[in-house]
Amino acid sequence: MTTVFIAEKPAQAKSYAEAFSYSRKGDGFISCKDESLIADEVIITWAIGHLVALESPKSYYPNWQDDWEVWRDLSKLPIFPESFKYTVPKDKKTHFSKVKKVLKQANTIVWAGDIDREGSLISYLICQEAGVLNKPMKRLWVTDLLPKTIQNGIRELQPIEKSMLQAKEAQARQISDWLVGMNASPLYAKTLQGIGIDANFSIGRVMTPTLFMIYQRELAIRNFKKETYCEVEADFKHSNGTYRGKSIASKKFDTQIDAEMFIASQSENEGKIVDVSIKQEKTLSPRLYKLKTIQQKMNGTRKLSAAVTLEILQSLYDKKFLSYPRTDVQYISSGNFEQLKDKLADYAAFLDFPVSEFSNLIPNKRYVDDKKVAEHYANIPTEKIPTPSEWAKLSEDEKAVYLEVLKATLAMFMPPYEYEQTTIMTQSGSIQFKTTGNVPKINGWKDLLTTNSEKSEQKLLPKVSVHDAVEANVMPVNKETKAPSKYTEATLLTAMETAGKDVDEAALAKVLATVKGIGTAATRASIIEKLKTKDANKQAYIKIINNKIELESKSFALCKAVSVEKLLSSAEMTGSWELFLEKIGTGEKNQEDFILGIKKFIASLISKVPGDLAKLDFSEEEQLLGAKVVVTTLPPCPKCQGDLKSTRKAISCLSCDFIVWGTIAKKKVPERAIIDLLEKSETGFIKGFKNKSGKSFGAYLYLKDDFTVGFDFGD
């Protein structure tokens with residue numbers, strides 16, 4: 001009997017093979033044997049990321065010249081295949097044939113990719129394309145790549161049903177993204193180009209509402225009107241030192257003069273302390289890291305992008321130093337806790353930190369909760385600690401991420417941070433002032449997580465008693481309201497998680513109980529990267545300046561265009577789609593209904609978008625893009641006799657989808673030739689066009705029956 005494991009990548013396959021007592025490398029596979037783990041002969045093969053991909057539009061329409069046919073003629077929309085086809089990319093066909101060969105030999109197939117939806121989809125599509133979905137299947141579920149973990153996973157292979165549902169969820173997400181991209185992108189791009197917006201645009205089911213959130217924040221900043229106001233504060237001089245207090249009256253004064261009049265009538269130069277309260281407080285260490293929170297931490301401390309942090313986490317996972325990275329859980333199991341506890345002396349030695357400090361050895365529900373650990377648990381270190389030579393080979397960023405996760409994990413074994421919270425109430429005339437300050441007593445976990453500079457910045461209050469006299473200098477303090485802050489990748493990740501709801505971390509759990517965010521923990525970094533990626537014309541949607549997210553010019557035009565369509569612009573609506581997708585993964589909903597809903601949405605877009613965009617004023621956006629409109633006398637549109645509009649790159653109709661590009665086949669068409677094309681439907685002979693291989697050719701241009709431009713080679 002032969003069992004074939006499908007790993008997601010070669011490095012993962014190698015780690016699995018190392019868990020067996022015997023292994024031998026083959027061509028595209030590794031043969032393994034270890035009867036203490038599994039009685040069958042084992043063959044481990046692997047994907048190279050996505051070995052199988054959705055087919056392009058042309059494969060469904062044989063009469064199309066190429067995949068860009070719809071960009072030339074919007075009447076070909078919608079693109080709704082009756083069933084979706086898959087293909088193996090050319091550069092992966094050789095390896096796929098090796099994978100398929102060993103799968104055909106299998107009696108049982110084990111999906112052994114990453115333990116997430118995408119990992120399940122990769123295995124599913126490989127099996128589908130290889131024609132082996134009818135064979136018995138199991139799932140390998142491991143949260144790190146240590147031999148012991150892998151061996152336990154092989155002994156306890158999981159049923160396939162749950163992973164099959166995960167694959168169906170991921171496939172629904174993949175197909176819906178394909179449908180939205182292939183239909184909405186040409187629809188919006190060509191319609192906008194037709195009304196003079198000179199840029200390339202693409203629409204994404206998740207990417208576009210994420211961009212729209214950034215756009216809304218930018219509009220809020222631009223429309224913000226600063227307001228000034230005045231509050232009353234006082235500097236107090238006590239025999240033991242000085243301190244500052246703030247008036248407890250909630251009143252804010254419109255002007256400084258109003259505040260000064262209040263001070264003159266209500267305060268005195270002398271004051272007295274009317275109350276001193278001291279509370280003993282303590283705080284536990286921060287929660288364990290999940291993917292989003294470690295991405296946020298590294299963005300704040302080292303300005304690493306979310307994608308780079310995920311890449312580093314994946315690298316440390318592959319090196320067996322950290323657990324599975326793509327987790328959205330901040331808890332560990334009681335078993336995890338015991339494993340970590342057993343390694344405390346080794347972790348302490350690695351950090352050169354006293355192991356005696358790790359005295360808090362009882363699990364706390366803040367970190368350890370078996371009920372909240374199902375598929376995944378928090379980002380934590382594994383039992384494998386880097387040796388000096390392994391540590392030396394890590395990059396500085398890898399070292400920083402590893403230490404951050406390690407220290408945050410070990411901090412839960414340390415005592416709470418204890419401090420005195422002192423509140424002083426001081427009276428000056430009829431005005432009372434409040435002063436608060438914290439005095440550290442036991443640093444606890446802060447000895448591990450707080451730097452020396454942070455410790456030295458603690459501000460101490462003087463020792464005072466009730467009825468003590470103080471000198472009072474009461475003053476007006478001018479203040480102003482602040483505009484919303486631009487997003488960083490760290491704050492954008494939270495906005496994506498909460499579907500745009502502006503909440504702090506403390507309120508996050510309550511919000512997430514009722515709201516599903518944009519994307520998933522595993523995909524949000526890639527969504528942000530897509531917005532940063534430049535297209536063929538070197539245009540992106542966002543850029544990062546001083547760690548702040550700035551919109552590129554073309555984003556303003558696209559966001560105004562999608563603003564009238566809530567399903568494309570609303571983060572909450574996208575969140576509701578994500579909730580439906582998640583229910584496909586649990587078996588509560590089905591894939592077919594979701595895709596049908598996407599198709600109805602796209603059909604609605606096709607019927608509404610041209611009319612909706614025609615009503616919008618894009619003059620400001622045209623100026624941002626530098627699309628200088630050329631004022632010239634033009635003939636009527638050859639297709640509908642409407643008015644034509646000339647911009648830097650094209651002549652287009654204001655009433656229909658007719659357009660003639662100024663550059664065709666890498667040749668800038670002479671203005672006289674374009675006029676001939678509009679008036680006579682043909683041009684004279686033009687030299688200097690280039691084909692896809694770069695070879696020059698000459699041709700006449702003419703308007704075809706569908707009013708697109710064609711080449712006529714004469715004789």
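How many aromatic pairs does the count come to? Let's take a look at this predicted model.

## Aromatic pairs

The count comes to 26 aromatic pairs. One of them is edge-to-face because the rings of Y215 and F556 have planes at 70°, with centres 6.1 Å apart. Y215 belongs to helix α7 (residues 207–223) and F556 to helix α20 (residues 553–562), so this pair ties together parts 341 residues apart in sequence. Y215 counts as buried at 9% relative accessibility, and F556 counts as buried at 7%.

The rings of F321 and Y402 also form an edge-to-face pair, with centres 6.2 Å apart and planes at 65°. F321 sits in the loop between α10 (306–318) and α11 (334–342), while Y402 is in helix α14 (residues 396–410), 81 residues away. Ring pairs join F321, F350, W391 and Y402 into a cluster.

## Charges over rings

R217 lies over the face of Y487, 4.2 Å from the ring centre. The charged end of K560 is placed over the ring of F618, at 5.9 Å from its centre.

## Nonpolar cores

The largest nonpolar core has 143 residues, of which I126, Y188 and I332 touch the most other members. Helix α6 (residues 161–194) gives this core its largest share, 12 residues. A second, separate core of 24 residues includes A7, I38, W46 and L140.

## Helix α3

The buried residues of α3 are H95, F96, V99, V102 and L103. Seen down the helix axis, they fall within an arc of 130°, so they line one face of α3. Exposed residues T94 and K101 are on the face turned away from that buried side. Among the elements covering the buried residues are β1 (2–7) and α4 (117–130).

Technical notes. Residues are numbered from 1 along each chain as its sequence is written. This is a predicted model: local features need pLDDT of at least 70, side-chain atom pairs count only at pLDDT 80 or more; totals for chains, interfaces and linings use all residues. Side-chain values use heavy atoms; hydrogens and water are left out. Buried means under 20% relative accessible area, exposed over 50%, partly exposed in between (1.4 Å probe, protein chains only). Helices (H or I, at least four residues) and strands (E, at least two) are DSSP runs, numbered from the N terminus. The arc is that of the directions from the helix axis to the C-beta atoms. Contact means heavy atoms within 4.5 Å. A nonpolar core is a set of buried Ala, Val, Leu, Ile, Met, Phe, Trp, Tyr and Cys residues joined through side-chain atoms within 4.5 Å. Rings of Phe, Tyr and Trp (its six-membered ring) pair if their centres lie within 6.5 Å; planes under 30 degrees apart count as stacked, over 60 as edge-to-face and the rest as tilted. A charge sits over a ring if NZ of Lys or CZ of Arg is within 6 Å of the ring centre and within 35 degrees of the ring normal.
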